[in-house]
Amino acid sequence: MRLQPNVRITGAERAQLAQLVHERYQAGEPIRTLATSLGRSYGFVHRLLEEAGAELRHRGGDNRPKQTTTDTRTSTEATA
């Protein structure tokens, strides 16, 4: 879906677009990819997501530490 450049989007049309963008963002699509596919700027898409009440992801994706595996050795094997 590409929008016409330099055309203001307001009212119900903007609310509908914000909902569509929000759904795609929640499905994992990055803001930059959404902006490119719509033919709009990063800032425009970011504002739409804020208007739609989206919880924005942090930059760089998932930066949580990797979960460590538990030691399956017995206590005598671990100390030997």
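Is Glu29 buried, partly exposed or exposed? Glu29 is partly exposed, with a relative accessible area of 22%. Buried means under 20% relative accessible area, exposed over 50%, and partly exposed in between (1.4 Å probe, protein chains only). This is a predicted model: local features need pLDDT of at least 70, side-chain atom pairs count only at pLDDT 80 or more, and totals for chains, interfaces and linings use all residues. Residues are numbered from 1 along each chain as its sequence is written, and side-chain values use heavy atoms, leaving out hydrogens and water.

**Salt bridges**

- The model has two salt bridges, each a side-chain nitrogen of Lys or Arg within 4 Å of a carboxyl oxygen of Asp or Glu.
- Glu29 pairs with Arg24 at 2.8 Å, N to O.
- Arg24 is partly exposed, at 22% relative accessible area.
- Arg14 pairs with Glu51 at 2.9 Å, N to O.
- This pair links distant parts of the chain: Arg14 is in helix H1, Glu51 is in helix H3, and they are 37 residues apart.
- Helices are DSSP runs (H or I, at least four residues), numbered from the N terminus.
- Arg14 is buried at 18%, whereas Glu51 is partly exposed at 49%.

**Nonpolar core**

- The largest nonpolar core has 15 residues.
- Such a core is a set of buried Ala, Val, Leu, Ile, Met, Phe, Trp, Tyr and Cys residues joined through side-chain atoms within 4.5 Å.
- Leu17, Val21, Phe44, Val45 and Leu49 have the most contacts inside this core.
- Helices H1 (11-26), H2 and H3 each give two or more residues to this core.
- Val21 touches Leu34, Leu38, Val45, Leu48 and Leu49, not counting residues up to four places away in sequence; contact means heavy atoms within 4.5 Å.

- Ile31 lies in helix H2 (residues 31-38) and is buried, at 9% relative accessible area.
- Beyond four places in sequence, Ile31 touches Tyr25, Tyr42, Val45, His46, Leu49 and Leu56.
- Ile31 and His46 are 15 residues apart in sequence and 6.9 Å apart in space, C-alpha to C-alpha.
- Ile31 is also among the residues nearest the centre of the largest pocket, along with Tyr42, Arg57, His58 and Arg59.
- A pocket is an open set of points on a 1 Å grid over the protein atoms alone, where a 1.4 Å probe fits, with protein on both sides within 12 Å along at least five of seven lines.
- The lining has 12 residues, each with an atom within 4 Å of a point.
- H2 and H3 (42-51) each supply at least two of the lining residues.
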